[in-house]
Amino acid sequence: MHFPPRCSLVRPPSPQRGLTPSLSPSLSPSLSPTPTLALTPDEVAEFKAIVERTVALYEKDFESGFVAESPAKLRRLPQYYAALGGDGPFPPVRCNAPWVSVVLEADGAVRPCFFHPAVGNIRHAPLADLVTRNLRAFRSTLDVNSDPTCGRCVCSLNAGWRRSPWTS
Ligand code: SF4
């Protein structure tokens, strides 16, 4: 991918890191966004332009599925940062991460996703019990459309499974 040299949000690829451009440190993922991670209005505008240029440049790759994510999902990113700066709402969330996946931390904690608190720890209970009992209980109380953590989530997963073994 090539971006203009004046683009300040994207570091050019380095030989050590391969061909994929990386986001600058101010856009690095974080579990809890802080004001230092926010973008200025000019940076949001620049980010939007980068996304639109990428969507136009790789239109066929999006259409063929070679790029797995959709342009709509890509456009959520600048919208998120605009909202973080108080310009408009956060993008709508469509996510079923706690229904189709589980996060297992190095210390044994089991989370519904990277952002919600742990529902247990495999050092104290079998994973199968935590998934079938605790995670199911968590899911029964979660409404991603109204949950404040979900409302500010930039990493929403909406995976389609023909058969989800954890469906409650
Ligand atoms: S929207 Fe984000 S915080 Fe909410 S369940 Fe999905 S990944 Fe977790």
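Tutor: What follows is a close look at a pair of helices, and then at the rest of the chain. This is a predicted model, in which local features need pLDDT of at least 70 and side-chain atom pairs count only at pLDDT 80 or more, while totals for chains, interfaces and linings use all residues. Residues are numbered from 1 along each chain as its sequence is written.

Let us get our bearings before looking closely. The chain has six helices and five strands (DSSP runs numbered from the N terminus, helices being H or I with at least four residues and strands E with at least two). Starting at the N terminus, their order is β-β-α-α-α-α-β-β-β-α-α.

Our part is the pair made by helix α1, residues 41–57, and helix α3, residues 71–84, whose axes come within 9 Å and cross at roughly 175° (axes are lines fitted to C-alpha atoms, for helices over the stretch in contact, and angles run from 0 to 180 degrees between N-to-C directions). The two helices are therefore roughly antiparallel to each other, a label for angles over 145 degrees.

Which residues meet there? From α1 come Val-44, Phe-47, Lys-48, Val-51, Thr-54 and Val-55, and from α3 come Pro-71, Leu-74, Arg-75, Leu-77, Pro-78, Tyr-81 and Ala-82. Two residues are in contact if their C-beta atoms, placed from the backbone, lie within 7 Å. Ten of the residues in this contact of α1 with α3 are nonpolar, one is polar and two are charged (Ala, Val, Leu, Ile, Met, Phe, Trp, Tyr, Cys and Pro count as nonpolar, Asp, Glu, Lys and Arg as charged, and the others, Gly among them, as polar).

Now follow the chain into the loop between α3 and α4, where Asp-87 sits. Asp-87 counts as exposed because it has 11 C-beta neighbours inside 10 Å (exposed means 12 or fewer other C-beta atoms, placed from the backbone, within 10 Å, buried means 20 or more, and partly exposed lies in between). Beyond its neighbours within four places in sequence, Asp-87 is in contact with Pro-41 and Ala-82. Val-44 is 43 residues from Asp-87 in sequence, yet their C-alpha atoms are 10.0 Å apart.

Further along is the open sheet, with three strands in the order β3-β4-β5 and antiparallel pairing (two strands pair if DSSP finds at least two bridges between them). Its edge strands, β3 (103–104) and β5 (120–121), each pair on one side only. Strand β4, residues 109–111, is joined to β5 by two bridges, and Val-110 stands opposite Gly-120 in β5. Also in β4 is Ala-109, which is partly exposed because it has 16 C-beta neighbours inside 10 Å. Ala-109 touches Ala-118 and Asn-121, residues up to four places away in sequence not being counted.

There is also a ligand, with 14 residues around it, the closest being Cys-95, Cys-113, Phe-115, Cys-150 and Cys-153 (a residue is near the ligand if its C-beta atom, placed from the backbone, lies within 6 Å of it). Helices α4 (97–100) and α6 (148–151) each supply at least two residues of this shell. By type, the shell holds eleven nonpolar residues, three polar and no charged.

To finish with the whole chain, buried residues make up 15% of its 168 residues. Of the contacts with a separation of 6 or more, 52% join residues 24 or more positions apart.

Key: Angles under 35 degrees count as roughly parallel, over 145 as roughly antiparallel, 65 to 115 as roughly perpendicular and the rest as oblique.
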